[in-house]
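Here is a quick tour for anyone meeting this structure for the first time. Have a look at it, then read on.

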Amino acid sequence: MESNNWYAVGTQAGINCLNCNSSIVEVGYTHTDTGVCPYCKTPCIFYGIGKDNVIQVIPDYAPDSFRKFISWVQTDLSEMEFLFLIGAIKRIGRDLPVAQNPPD
Ligand SMILES: [Zn+2]
């Protein structure tokens, strides 16, 4: 299944589960391993990015390319390498001379 609704964003103070909309608090540090929502038990991954941002990704809903990315991260990268990679991609995006919306 491919959909634009394959991730949710929030903060450590609360992120609403993409699947059940329950508010999940204190996700903590980045977990690149697949876990579950504590309420609906949907398999998902919580990425803590920066000081307070949290991203929830539900692999079953994600595009094939992102599922491959998840698998590669889980197989080949440490959590520190993952965080470095995300920081590098954010810097590149910030430095692009012409702002663009990413393809869906
Ligand atoms: Zn849930």
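This is a predicted model: local features need pLDDT of at least 70, side-chain atom pairs count only at pLDDT 80 or more; totals for chains, interfaces and linings use all residues.

## A hairpin to start with

In the hairpin made by β5 and β6, three residues sit between the strands, and G50 has a positive phi near 70°. Strands here are DSSP runs of E with at least two residues, helices are runs of H or I with at least four, and both are numbered from the N terminus. β5 and β6 run antiparallel and are joined by five bridges.

Residues are numbered from 1 along each chain, as its sequence is written.

## The sheet around it

Zoom out and you'll find an open sheet of four strands in the order β1-β6-β5-β4, with antiparallel pairing. Two strands count as paired if DSSP finds at least two bridges between them. At the edges are β1 (7–11) and β4 (35–36), each pairing on one side only.

On one side, β1 and β6 pair over five bridges in the antiparallel sense, and G10 has V54 of β6 as its bridge partner. β4 is joined to β5 by two bridges, again antiparallel, with V36 partnered by P43 in β5. β4 and β5 also form a hairpin, this one with six residues between the strands, and K41 in the turn has a positive phi of about 65°.

## The nonpolar core

The largest nonpolar core has 11 residues: I15, I24, V27, C44, I45, F46, Y47, V54, V57, I58 and A62. Such a core is a set of buried Ala, Val, Leu, Ile, Met, Phe, Trp, Tyr and Cys residues joined through C-beta atoms within 7 Å. Both β5 (43–49) and β6 (53–57) supply at least two of its residues each, and the largest share, four residues, comes from β5.

Take V57: neighbours within four places in sequence aside, V57 is in contact (C-beta atoms, placed from the backbone, within 7 Å) with W6, Y7, C44, I45, A62 and I70.

Helix α2 covers residues 79–95, 17 residues in all, and spans 24 Å from first C-alpha to last, close to the expected 24 Å. That expectation is 1.5 Å times one less than the number of residues.

How many of the 17 residues of α2 are buried? The count is zero, so α2 is hardly covered. Buried means 20 or more other C-beta atoms within 10 Å of a residue's own, exposed means 12 or fewer, and partly exposed is in between, with C-beta atoms placed from the backbone.

Terms used. Two residues are in contact if their C-beta atoms, placed from the backbone, lie within 7 Å.
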